[in-house]
Amino acid sequence: MTVEKPRPAAPVTSRTGTLLQDSRGYQVFRVANVVVLLGVVAVTLYPFLMIIARSFSSDTAIRSGQVNLLPVGFNLTTYELVMSDAMFWTNYKNTVIYTVVATAIAIVLTTCYAYVISKHHLRGRTVLIGIAVFTMFFNGGLIPNYVLITSLGLKNTLWAIVLPNAISVFNLLVMKSFFENLPRDLEEAAQIDGLGTYRILWKIVIPLSKAVLATMVLFYAVSFWNSWFAAFLYMDRSELFPVTVYLRNLIAGSSSAQSTGAAVADVAQVSANIQSVTMVLTVLPILCVYPFVQRYFVSGVMLGSVKG
Amino acid sequence: MSPRTTPARAGLAAVAALALTLTACSGGSDDGDGSSGLDNRTGAMEDYGVGDQFTATEPLTFSMLFSDHPNYPSKSDWLLWSEITERTGVTVEPTLVPMSDYEQKRSLLIGAGDAPTLIAKTYPGQEEAFVSSGAILPVSDYVELMPHYQAKVAEWGLEDNIDQLRQADGKYYVLPGLHEAPWQDYSIAMRTDVLADLGLDVPTSWDEFRDTLEAVQEANPGEYPFSDRFSDGYPAGSFLNVAALGFGTSAGWGYDNATWDDDAGEFVATATTPEYRALVEYVHDLVADGLMDPESFTQDDDTAIQKFVTGRSAAISANAQSVVNDYEPGLAANDPEATVAKIPFPCGDAGCVLNPVSQLENGLMINADAADSPDFVAMMQFVDWLFYSDEGQEFVKWGVEGTTFDKADDGTRTLAADVDFVGLNPGAPKHLQKDFGFSGGNVAYGGTTDLLWSTFSDAEIAFQESIADYDMIDLAPPAPLDELEVEQITLIDTTLRDAVSQGTVQFILGQRDLSEWDAFVADLESKGATQYVDIVNGARERYVAENG
């Protein structure tokens, strides 16, 4: 469809693409819409920009309250300092490994599970769904989980982080819904042509499911990247921690000790600019993933949510 | 902002509750038999006494839960570890837990029966959640193995403090760090240059403190001269805690629902006492007269610090470290002439007093399973040497003489030229905590006043000297609760604390008129204040009947 380019003085192209004049009410709405959304953008971006400004500022300037949206006492030494900490990079590497491995395993398992329970003719399907949904409402609790992971010999290994969280029931249900909406005729046609269940999944269903797969990759990757609790529970050595545990200790450690009136040696005084630099470096990669997956993101979620 | 308080504390409570229920089933085998470990003498020294260096007769290894500090994360090649092995023949295997969530993981490990032998960084009182599970060793049964510990308790007169640790069974379960004298770190910091410009003396009492604030405000109208911080966990928690001492009560961080009334010979509900009311009225007047920023009770630390360092306020709560790290650098950036110092601890109607509770520091719990280990006696001797001998305490704080520090003939310690710590040797390439592991906080606590002050700045020593001759308030007598009473108290305690905290702030801020005080007291009583003190008084009477 081609849209005729309006002349400067001509009426604005309406949302339907014709040269109709938008109603006054709609114009007002659009202006209000833009203003409100710009406000939301400002509120959302402000903390990010402030953290970035602080990361380039001197600690004294931050402590004396001079830093807002622009760096004061611009310097790169804090970046050099944080990046020269070997443990930071070790933990960073762990985060990348945990995220990649965990996401890969989670995608395979979730896809397989979702595909199976999307088949209405499967006997015992409701039981399989029930088992999954049950875990949304009930779980064993912290200590039993810890005892289980420890007895299985998973403590201090990658698997303690990957396996317990390999299937997110929410993601599973989104995917199931998506698979249910794929035309059955396609699969039946493939069946007539002689394809078995696994090859139908691999050759027909997966290629048609890029949108939802991309969405799931994003969901899983972000949640594994941000997660710290599993690692905190099941890892006993700092060289096994992901960078989120490193970051949490850096930020949360500084306020916890003071609140209990703890003694001098307890009180972590991590410079505000070191905290900021670590935050920026930690969120940067996962932030970069978003633009690449975003175009799948909306369509993926929508596809899964509407049942036709 | 308090990034950790709510989820962490909630999680902690949940884990501690689970720890109780789960391990109650499996633990407890050693409780009744206090002497079971005494024959387990593998590696132990035969004649180990005060002044002796503990050295295991054969190589031993003990696991230890270790709170990992973000500023000086643990390294396996620390001189601390190798030197411990060198001197004692003991290898310590640390289980590292990020400091940010140390308590939660500690509860989890104890609850799951997976705790290391030595559980460091346990503040007196924190062990109570684990006592009934039987997972923690009743250390009081074994202190005869610890000559240095016993000697310090006797020499520094800490028996009453130790009695406070006893549980309903008369035993105690935590080995606290011991200070020779009470140590008061938190106080109020003031802009001493502002006081000097106005010709004001540093206030020594709470009345003078108010007068000083008034004078500062007259010279600087439109601003609040006192804008406070440390509201994490309790609104203006440090200030109320500090001020309460002078008023003869407890509040803020140090608030306790029951206070011992010496005249009546029983515990009374703290917030219903006239002393507590006097404190609330004092702070209320500060706020009502515009001397104290009403935001003191809600703002985060950074906001309060910024008001102070930009000259909008002239007083703020402080500890030694916050003066050096938070206030001085910020002030220097805004006003090179500005000076700041902690004021001597203000006196009140109750006199110039300190709380002797501060003589007990965080210490360690021991896994109950340790008593069955063949090297149990050696382990207790090791703990005794490392935590309680003069040599051990100096070693974990200052390191190795000739390497990290030097000692003059008069006993003065100085850091080696290439080692820095708390800014004593600025620019030195190595750091006592980061590169060597000393002064770390997991083992380096307590000791003589000489040792404690050895790393203080001149300003801090001046502050400590200014309060050295203060009186001690009397400790409340022991009233250990049994298991059922602990459960009952736990149900009331938080509700009561919240009601007190809320009411206190409402009265202070003027949201509730002080004429409603009686209604407030009645409300507390209906929320369980009476039941609370009844339980504590009952426990007290039982303790007296059983122990005299």
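A:L45 counts as partly exposed because its relative accessibility is 42%, where buried means under 20% relative accessible area, exposed over 50% and partly exposed in between (1.4 Å probe, protein chains only). The residue belongs to a predicted model, in which local features need pLDDT of at least 70, side-chain atom pairs count only at pLDDT 80 or more, and totals for chains, interfaces and linings use all residues. Residues are numbered from 1 along each chain as its sequence is written, chains are lettered from A and ligands numbered from 1 in the order in which they are written, and side-chain values use heavy atoms, with hydrogens and water left out.

A:L45 is located in helix α1 of chain A; helices (H or I, at least four residues) and strands (E, at least two) are DSSP runs numbered from the N terminus. Together with A:V41, A:Y46, A:F48, A:L49, A:I52, A:L69, A:L70, A:V283, A:L284, A:L287 and A:Y290, A:L45 makes a nonpolar surface patch of about 1000 Å². Two or more residues of this patch come from each of α1 (24–55) and α14 (272–305) of chain A. The largest contribution is that of α1(A), with 6 residues. Patches are made of residues with over 30% relative accessible area and no salt bridge, with like charges joined within 9 Å and nonpolar side chains (Val, Leu, Ile, Met, Phe, Trp, Tyr) within 5 Å. A salt bridge is a side-chain nitrogen of Lys or Arg within 4 Å of a carboxyl oxygen of Asp or Glu.

Chain A contains 14 helices and 0 strands. Of its 308 residues, 41% are buried. The accessible surface of chain A is about 16900 Å², and carbon and sulfur atoms account for 69% of this area; accessible areas come from the Shrake-Rupley method with a 1.4 Å probe, and for residues only the protein chains shown count as cover. When contacts (heavy atoms within 4.5 Å) in chain A are taken between residues at least 6 apart in sequence, 69% of them join residues at least 24 apart.

The average pLDDT of chain A is 82, and 82% of the residues score at least 70; pLDDT is the predictor's confidence in each residue, from 0 to 100. Over residues 255–269 of chain A the pLDDT is below 50, and the model gives this stretch 54 contacts beyond near neighbours in sequence. Residues 1–12 of chain A also have pLDDT under 50, with 10 contacts beyond four places in sequence.

Over all chains, the structure holds 1 disulfide, defined as a pair of cysteine sulfur atoms within 2.5 Å. The bond joins B:C347 to B:C352, with an S to S distance of 2.1 Å. The link of B:C347 and B:C352 is right-handed, with 100° about the S-S bond. B:C347 is buried, at a relative accessible area of 11%, whereas B:C352 is partly exposed, at 31%. In chain A, the cysteines A:C112 and A:C288 are partly exposed, with 38% relative accessibility for A:C112 and a relative accessible area of 43% for A:C288.

Most residues other than glycine have a negative phi. B:F230, not a glycine, has a positive phi of about 60°. B:F230 is found in the loop between α8 (206–219) and α9 (237–246) of chain B and counts as buried because its relative accessibility is 1%. B:S439, likewise not a glycine, has a positive phi of about 55°. The position of B:S439 is in the loop between α15 (432–436) and α16 (449–453) of chain B; at 4% relative accessibility, B:S439 counts as buried.
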